[in-house]
Amino acid sequence: MRYGHFDDQAFEYIIERPDTPTSWVNYLGTERYCAIISNNASGYAFYESPKSQRLLRFRFNSVPMDRPGRYVYLRDQADGEYWSISWQPVAKPLDQFKTVCAHGLGYTRFVTHYRGIEATARYLVPLDSPVEIWEVELKNTSSEPRHLDVFAYAEWCFWEIQQDAFNFQYILYTCRMGYDADIVDYSIRLWPFREPKGFFASTLPVESFDTDRDCFLGAYRHEGNPTAVEQGKCSGSIAVGGTPCAALHGTIRLAPGESRRFAYVVGVGDAKTAGQEYKRKYSDPRSVEHELARLADYWQERLAGYQVKTPDPTLDSMVNVWNQVQCHTTFNWSRSASFNEAGGRDGMGFRDSNQDTLGVVHCLPEPVKAKLVDLLKAQFADGSAMHGVQPLGFTQGPHNRQGEVFSDDHLWLLVSVAAYLKETLDFGFLDAVVPYADEGEASVYEHLKRALDFSWSKRGPHGLCLGLAADWNDCLNLKGDGETTFSTFLFLLGLNELLEIARRQSRRDDEAHYGGMKRELEGAIDAHVWDGRYFLRGFLTSGRKLGAASSDQSKIFLNAQTWAVIAGAASREKLVSAMDSVHEYLATEHGAVLNYPAYTEHDAEVGAITCFPKGLKENAGIFCHANTWAVVAEALLGRGDQAYALYRAFLPAAKNDTADHYSMEPYVYSQFIVGKEHPFHFGRARNSWLTGTATWGFVAVSQYILGVRASYDGLIIDPAIPSDWEGFEVTRVFRGATYRISVRNPARVSSGVRRLVVNDEPLDGHVVPVFPAGTTVRVQVELGR
């Protein structure tokens, strides 16, 4: 069953049925103010920090689902019947209540028809203001005059999410609400002392209000049947302590065919100053239109850097719009706030945010550079890194050495910094001096070397990287003398990246030193990691092999095979055999499971992975992030049919017609899909939006299937596509020039560049040289053997 469709011309996903299996959400805001809104207008908002500056509340995993939110109620004064512009929370019968939700770029729009009233609500966050706008337009489509009550409602959060969720004996006695001149004033004093402020303003004249949730809703009621809406009037409550809300009531008379627009503004700041200012500004509908136009320009600039036209419209919808939007969202908010992450983990995950840069560096090189500096500041002088960092208020010192060290965190710097250098050729960045998290400072280049040196110093009995607290898979126990092939392969890739930088900068001593490391590491991999048909996942402290044919339970792991290919860790014969094993044991119609068979018995030495039921999360679930690496691996091997089949298997847009089973948004990636060994829910997705799948999904399709990727010398063109494709087109902005790339596949092969023509000049190889910024470059590619 489908619930909506892609409108690529409008850059929207249109939800035609509101009764989606889960909340299908959109992110509004760009950098500081973030509003998350569902297809039924639920969600929350925060300013800079979802942990300590949460403005609007959301109840996670609640019954009823999807509450509370940004609700606008309409009440017909003729008979007292009321409804909400979004289907929820009032939930009128869908055979009578017609509604459409459009999630767009920085806005969400609802259009509803009920009882002769056409109601449109547009929600948006301006580019550079700490506010969100709810613009409402009501039109009387009946033949009779109408007199309507209009109620707007939101529930405040107590700013500190931990206090809001748990410490009721304290936090319920802190708010100080006020009201004046159509604006609700939200004020609270917190300890240690600070006094954040918020406001809720109406450009529709207010006739009654409430600031106490219990007064607006009524006892034993909920958002779907508020007492105030039923009665047609708020009570004028002022909450001093208690649970604060903002409810504003006004009235509208509409002649037949008449329409009227007005707006509500929620924001951070003092009601008497900021509140009045924004109320005045957005009383003029042209100001709202101006903000929407600015948002359109903002997103057009970011999306234009990579656009495609292929034989697969679902791929085009993802690559041209939604995959890139999701990449920007993860770049902005890491893993801190969604409908799954409640916001208690603030700031950036070190491994996560390094990877997040890969999906936006082609269009945001300067913001990526700034984020890399923030991440480098979270690296310790010994080369290891903090697992999580909050740049707001960050200070250097030994106090940052809290928690355990992970074996992969610091190594992602080699990947992210190298990607930035290939995109920009900004080698001067390597000389920039950045402080360490604990003490001292060094050049960016020295930071990279220390990351490698730390991993070199933390090797186990087989010469492989120790697992330390964990590698990418936090649920595997590789502590003590446990060794990880994932981090070992990532280490090898990092060595390759540094050696290329050293070679280009004529750093001969480093070439010799790290080249020796590489040879010794490759020897250890060759001696200990191959298991006959595929690669081991590691060794446990006891010496037991992890992910071996002889293992007691799980006998093969996905990441060990894919990262061997990505790092170039073995002969082509072994790499092909490893990926063939992926298809034999792990691949399914919904993606490749992370391991097989699933663990069914608890094994304390293996770790938390054995606590999950089979087919869920890390225990043989289809981890979409890890699936992207399988796509990259197959493309690197030149096996385009296999790469594309793996990509399509977990592609959200390909699930649009079976969304009732897939369950999550078909326009963004989810963290995982339930695996084949689960007894009931194979193919059901969970945990959307904030996942590394976003960046790596974009990297996999744009740089490896379509094969257009940055290098130090120019744009590499090396597609690995389905052999039945006739061709495709890519527009790629690279170092200021626009490359219009047309690929033909007359021989129906899956890889191999037979002919490359640039501006009508044939070139050898498959690298397009760099052209001056501002120019347009025509590139014709013919595939063949």
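These are legends for a set of close-up views of the predicted model shown above.

This is a predicted model, with local features needing pLDDT of at least 70 and side-chain atom pairs counting only at pLDDT 80 or more, while totals for chains, interfaces and linings use all residues. Residues are numbered from 1 along each chain as its sequence is written, and side-chain values use heavy atoms, with hydrogens and water left out.

**View 1. Helix H10 is mostly covered.** Helices here are DSSP runs of H or I with at least four residues, strands are runs of E with at least two, and both are numbered from the N terminus. H10 takes in residues 412-424, 13 residues in total, and spans 19 Å from its first C-alpha to its last. That is close to the expected 18 Å, where the expected span is 1.5 Å times one less than the number of residues. Of the 13 residues, 11 are buried (under 20% relative accessible area with a 1.4 Å probe, protein chains only; exposed is over 50%, and partly exposed is in between). Among them are Trp412, Tyr420, Lys422 and Glu423. Look just past the helix for Leu425, which has a positive phi of about 60°.

**View 2. Ser317 sits in helix H7.** H7 covers residues 313-333. Is Ser317 buried or exposed? Ser317 has a relative accessible area of 4%, so it counts as buried. Its side chain makes a polar contact with the side chain of Asp8 at 2.7 Å. (A polar contact is a pair of N or O atoms within 3.5 Å; within protein, one must be able to donate a hydrogen and the other to accept it, and residues adjacent in sequence count only if both atoms are side-chain atoms.) Setting aside residues up to four places away in sequence, Ser317 touches Phe6, Asp8 and Trp322, where contact means heavy atoms within 4.5 Å.

**View 3. Helix H5 and what covers it.** Within H5 (residues 271-281), the buried residues include Ala271, Gly275 and Tyr278. Their cover includes strands S12 (131-140), S15 (183-188), S16 (197-202) and S19 (259-268). At the start of H5, check Asp270: one of its side-chain oxygens comes to within 2.9 Å of the backbone nitrogen of Lys272.

**View 4. Strands S3 and S4 make a hairpin.** S3 (residues 25-28) is covered on both faces, with Val25 and Tyr27 buried on one side and Asn26 and Leu28 buried on the other. S3 runs antiparallel to S4 (residues 33-38), joined by 4 bridges; two strands pair if DSSP finds at least two bridges between them. Leu28 faces Ala35 across the pair. The turn has 4 residues between the strands, and Gly29 in it has a positive phi of about 110°. Follow the chain on into the loop between S4 and S5 (45-47) to find Ala41. Ala41 isn't a glycine, yet its phi is positive, near 70°, and its relative accessible area of 0% makes it buried.

**View 5. S42 has a parallel partner, S38, and an antiparallel one, S39.** S38 (residues 737-744) and S42 (residues 776-783) pair in the parallel sense over 7 bridges, with Val743 bridged to Val781. S39 (residues 753-758) is joined to S42 by 5 bridges, and there Val758 stands opposite Val779.

**View 6. An open sheet of 3 strands.** The order is S35-S36-S41, with antiparallel pairing. S35 (708-710) and S41 (767-769) are the edge strands, each pairing on one side only. From one strand to the next the twist averages 30° (axes are lines fitted to C-alpha atoms, for helices over the stretch in contact, and angles run from 0 to 180 degrees between N-to-C directions). Between S35 and S36 (residues 714-717) there are 3 bridges, and Arg709 stands opposite Ile716.

**View 7. Two cis peptide bonds, one from Trp191 to Pro192 and one from Tyr596 to Pro597.** For the bond into Pro192, omega is near -5°, and Pro192 lies in the loop between S15 and S16. For the bond into Pro597, omega is near -10°. Pro597 is in the loop between S31 (595-596) and S32 (622-623).
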